[in-house]
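Subject: Two-chain model, handover and findings

Hello,

Here is the structure I promised you. Please open it next to this email and follow along.

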Amino acid sequence: MTGEVLSVRDLVVRYRSHDGQPFTAVNGVSLDIGPGETFGLVGETGCGKSTLARAALKLTPFQSGQVRLLGRDLAELDGRELRKLRRRCPMIFQDPRGSLDPRMNVGRIIGEPLRVHDLAGRRDREAKVREMMELVGLPDELFDRRPVQLSGGQQQRVGIARALITEPGLVVCDEPVSALDVSIRAQILNLLADLRDRLEVAFLFIAHDLAVVRHLSDRVGVMYLGRMVEEAPVEDLFAHPRHPYTQGLVAAILHADTGGHERLQLVERLAAGEIPSLLDPPAGCAYQTRCPYATDDPCRIVVPAAEVVAGAADGEDRSHRVACHHWAEIPAPATTLEPGR
Amino acid sequence: MTGAGTEAGAPPLLEVEDLSVSFNTRRGVVRAVDGLSYTLDRGEALGIVGESGSGKTVGSLSILRLFGLFDDVTVTGAVRFEGRDLLRLSETEMSRVRGGQIGMIFQDPLTSLNPVMPVGEQVAESLRFHTGASRDAARRRTVELLDRVGIPDAANRYHELPHSFSGGMRQRVMVAIAVACEPKLLIADEPTTALDVTVQAQILLLLDELRREMGMALIVITHDFGVVAATADRVLVMYAAQPMEHCPTDHLFQRANHPYTEGLLRLVPRFEHRAHKRLRPIEGQPPALTEPIAGCPFEPRCTHAVDRCAAERPPPVRLGPSHHSACWLAEERARRETAPDKPWEQP
Ligand SMILES: Nc1ncnc2c1ncn2[C@@H]1O[C@H](COP(=O)(O)OP(=O)(O)OP(=O)(O)O)[C@@H](O)[C@H]1O
Ligand SMILES: Nc1ncnc2c1ncn2[C@@H]1O[C@H](COP(=O)(O)OP(=O)(O)OP(=O)(O)O)[C@@H](O)[C@H]1O
Ligand code: SF4
Ligand SMILES: [Mg+2]
Ligand SMILES: [Mg+2]
C-alpha cells in the first residue's frame, strides 16, 4: 500500500525459549495503518501483540517478511537511519512509573527526546515542553516535580507528552491504560481520543480490553497464537465477528445488563479450554483445539489463509478479512450486540 | 444497611454490622473500613465494587480476621456467621472456619500457590486439615475437584508444580482449594483480574455453577461492573472506606441512586455506548483516609452536594427492598420524574 504509515507483510518473528527451543511468536502477520488512523490490536496474553509492535520498529529482529514504516523499507536502512526513523515512532507503555526516569524532573523527561536527537536548543525545548504539558493536561507547576511525586494518571500523561513532542507519524501504545485505576483510566482514554481527533498522528493501540479498543480504534485486528485471525473496521468487527475466536471474544465482553449467565455459556462454547503453547502449536488452524466448528479436514491439516469477507468491502483496502476455513458457513452468534447508541 | 435481602425470621448466613477497621501506622491512623453493614443469605451472591483503595479487600479479609503479622489493627463492630460473632472466636476456632466453612480466593492468585509443592498436594492438604480425610481419600477427592474445575488430565497433573500451569489453570486450582471443603461462603477477591477475557468467562461460569451446585453464598470483589452483572444478585458500592449504595444488581444499571455510583458507571467504556463516545471522569481525588471525614466522603467531588453534605455524614436511606443509598438527596433523587433508565446516558 502506498501512503501507509505502517505496512507489514508476512512478518515472522522467532524467539528461543529459556531452554533454547526455538518458537514462532509472530507467524506471517500482515497489516496496514493509514495516516491519522488508529489501529487496535487485541488478543490474549502471549499471542504476540507486543512482539509484532516491536518488530515493526525493528526493536526486535524479524526472520522474514517486509515492513515499510513512514514510507521506508526497514530492510534498506542502516542503524543511523533507523534510529532517525524511530524517533518519529515513539512508544507509550503499560507501566507509567516504570517507564519514567525517577531521577529526572517532568520537564526534563518530556524534553529528553528533543535533546537526545538534538532537535531543539535549550530555550526552544522548554517552550515546546510547556506546550506539550498543556496539550496533555499537565499543570505548569508540575514542571519541576519528579515522577514519584505524581499520581498514576499524571505519570501516564508525562509518557504521552514525551511521545508526542517529536511530532511523530506513528505512536505505538502498548496497553497504555491497563495498569490504571478506573477513574484515571477514563481521563487517559479521553485524552488519547482527543489527541487522535486533533493531531494527524496514526496510533497502533494494543490492549486486551475490547471495550477500550472499540472506544478508540478505527480498525481492529485480532491475533491468536502468533497469527492475525481477523481484521475489520471497528463497528463491522464487533457487529459481525466472523472468526469463531473473535465471536468468543466479543461474547466475553461482559455487559452491564442481565443475561450474564447465558453470555458466559456462549463463551464457554465458542472458546472452550486453554490457549495452546507456542512451543507446541497445533497443526493446521491455530484455533482448532478450542474451536466448536473445527473439522479434521481441513482445519487440523491446513493453515487457513486470510480471505476477504464478501460484501464487507466498502472501498479500496477497508475490507473485512478473516482466516478461517469455515467462516462462510458459521452461523452468526447470538451475542446480543445492540448497536451502540 | 442491615436487613437487606433477609427473610423475616430465618437468620442470615452472614451479618456484617457496623464493621470498622483501622490501621495504626507511622503516618497516622488509616481508616480502611468505616461503618460497613450488610447481610448475605445462603446461596446468595454479593458484588463489592469501588475504586482502588476504597476498602473492598480489607473489609472482606477482616471477616476472616486475616491481617499482616505486623499490622497494628483495630476492628470494631460484629461479623456474625450463622449467628456466631467471628470477631470473638479464638484463633484456633477461627482457623477451622477459614478454608472450611468460608473459602477465600485472594486478590493475587498467581503468587498465592506454593511454588515448590505439587499442585494436587496443595488441594489435598487443605482437605485433610479441614475434613480429617485420609491421605487416599483426600487424593481421590482432589482429583475429582481438579477435574471439576476443568483441569484436563487431572490425575497426572496432580503431581506437577504450579509453574507448569497457565494463569487460567492456576486460578482454577485456587478455586478448587477454595471450594474443596464445600464452604457455605466463598469470598473471591478480583478472581479474574489477571486473566484474559475468554478465560475470565470460564472462571466466572465455574464459580456460578459451583454456587448453584453447592448452594454456597458468594462475595465477589471487583472493579468491573461486567463481572458484577454476570455473577451477583446484589451489589455494594464502596467509596473511601464507606458503603455508598447497596442494591439488587438490576437496580444498579437501571436506577442507581447515589451520585458516586452514577459517576462510576460513566467512567467505563462500555458496549452499550456508541464507539468513540466521550467518558465523563469524576473530577478530583478520593480523600486521604488518615484525615477525619465529617460529612459525606464524596462531597468534595460531588456535583449535587448541598451545604449539609460537608457537615453531616448521611445515613443509609432505604429506598426499597434491599436498596439503600447513603446520600442526603437519596429520597429526592429516587423520586426524580425523569429517572434515567441508563444513568450513564445522561447529558
Ligand atoms: N525476548 C523474548 N525472548 C523469548 N521469548 C519472548 C521474548 N519476548 C516475548 N517472548 C514470548 O513470545 C510470546 C509473545 O510475546 P508478546 O510479549 O509479544 O505477547 P503479547 O501478545 O504482547 O502478550 P501480553 O498481552 O501478555 O503483553 C510469548 O510467549 C512470550 O513469552
Ligand atoms: N496493612 C495495612 N496497613 C495500612 N494501611 C492499609 C493496610 N492494608 C490496606 N491499607 C489501606 O486501606 C485502604 C483500603 O485498602 P484495600 O486493600 O481494602 O482497598 P481495595 O478497595 O481492595 O483496593 P484495590 O481495588 O486496589 O484492591 C487503602 O487506603 C490501603 O492503603
Ligand atoms: S479454520 Fe476451522 S478450526 Fe480454525 S477457526 Fe475456522 S472452523 Fe475453527
Ligand atoms: Mg504485550
Ligand atoms: Mg483489593
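In chain B, take the contacts (heavy atoms within 4.5 Å) between residues at least 6 apart in sequence: 65% of them join residues at least 24 apart. For chain A, residues 24 or more positions apart account for 63% of the contacts with a separation of 6 or more.

Before you read on, note that this is a predicted model, in which local features need pLDDT of at least 70, side-chain atom pairs count only at pLDDT 80 or more, and totals for chains, interfaces and linings use all residues. Residues are numbered from 1 along each chain as its sequence is written, chains are lettered from A and ligands numbered from 1 in the order in which they are written, and side-chain values use heavy atoms, with hydrogens and water left out.

**Overall build**

Chain B has 12 helices and 12 strands. These are DSSP runs, numbered from the N terminus: helices are H or I with at least four residues, strands are E with at least two. The radius of gyration of chain B is 21 Å, close to the 20 Å that the globule rule gives for 347 residues, so chain B is as compact as a globular protein of that length. The radius is taken over C-alpha atoms, and the rule is 2.2 Å times the number of residues to the power 0.38. The C-alpha atoms of chain B fill a box of roughly 65 × 50 × 45 Å along the principal axes. Of its 347 residues, 54% count as buried. Buried means under 20% relative accessible area, exposed over 50%, and partly exposed in between, with a 1.4 Å probe and protein chains only.

Chain A has 10 helices and 12 strands. Its radius of gyration is 21 Å, close to the 20 Å from the globule rule for 341 residues, so chain A is as compact as a globular protein of that length. Buried residues make up 55% of the 341.

**Sheet and hairpin in chain A**

Four strands of chain A form an open, antiparallel sheet in the order 2-1-4-5. Strand 2 (22-33) and strand 5 (72-73) are the edges, each pairing on one side only. Strands pair if DSSP finds at least two bridges between them. Strand 1 (residues 6-16) and strand 4 (residues 64-69) run antiparallel and are joined by five bridges. The bridge partner of A:Val8 in strand 4 is A:Val67. Helix 1 (residues 49-56) lies across strands 1, 2 and 4, at about 115° to strand 1. That angle is between N-to-C directions, on a scale from 0 to 180 degrees, with axes fitted to C-alpha atoms, for helices over the stretch in contact.

Further along, strand 9 (residues 219-224) of chain A is joined to strand 10 of chain A by six antiparallel bridges. The two form a hairpin with two residues between them, and A:Leu225 in the turn has a positive phi of about 50°. A:Tyr224 has A:Arg227 as its bridge partner. Five of the seven residues of strand 10 (residues 227-233) are buried, so this strand is largely enclosed by the rest of the structure. Strand 10 also pairs with strand 12 (residues 321-322), antiparallel over two bridges.

**Rings**

Over all chains there are eight aromatic pairs. Rings of Phe, Tyr and Trp (its six-membered ring) pair if their centres lie within 6.5 Å; planes under 30 degrees apart are stacked, over 60 edge-to-face, the rest tilted. B:Phe23 and B:Phe67 are edge-to-face, 6.3 Å centre to centre with 75° between the planes. B:Phe23 lies in strand 1 (residues 14-25) of chain B and B:Phe67 in the loop between helix 1 (56-61) and strand 4 (73-81), so the pair ties together parts 44 residues apart in sequence. B:Phe23 is buried at 15%, while B:Phe67 is partly exposed at 25%. In chain A, ring pairs link A:Tyr224, A:Tyr245 and A:Tyr287 into a cluster.

The charged end of A:Arg130 sits over the ring of A:Phe143, 4.0 Å from its centre. The cut-offs are NZ of Lys or CZ of Arg within 6 Å of the ring centre and within 35 degrees of the ring normal.

**Backbone points to check**

The peptide bond from A:Asp297 to A:Pro298 is cis, with omega near 5°. B:Glu190 is not a glycine, yet has a positive phi of about 45°. B:Glu190 is buried, at 7% relative accessibility.

Best wishes
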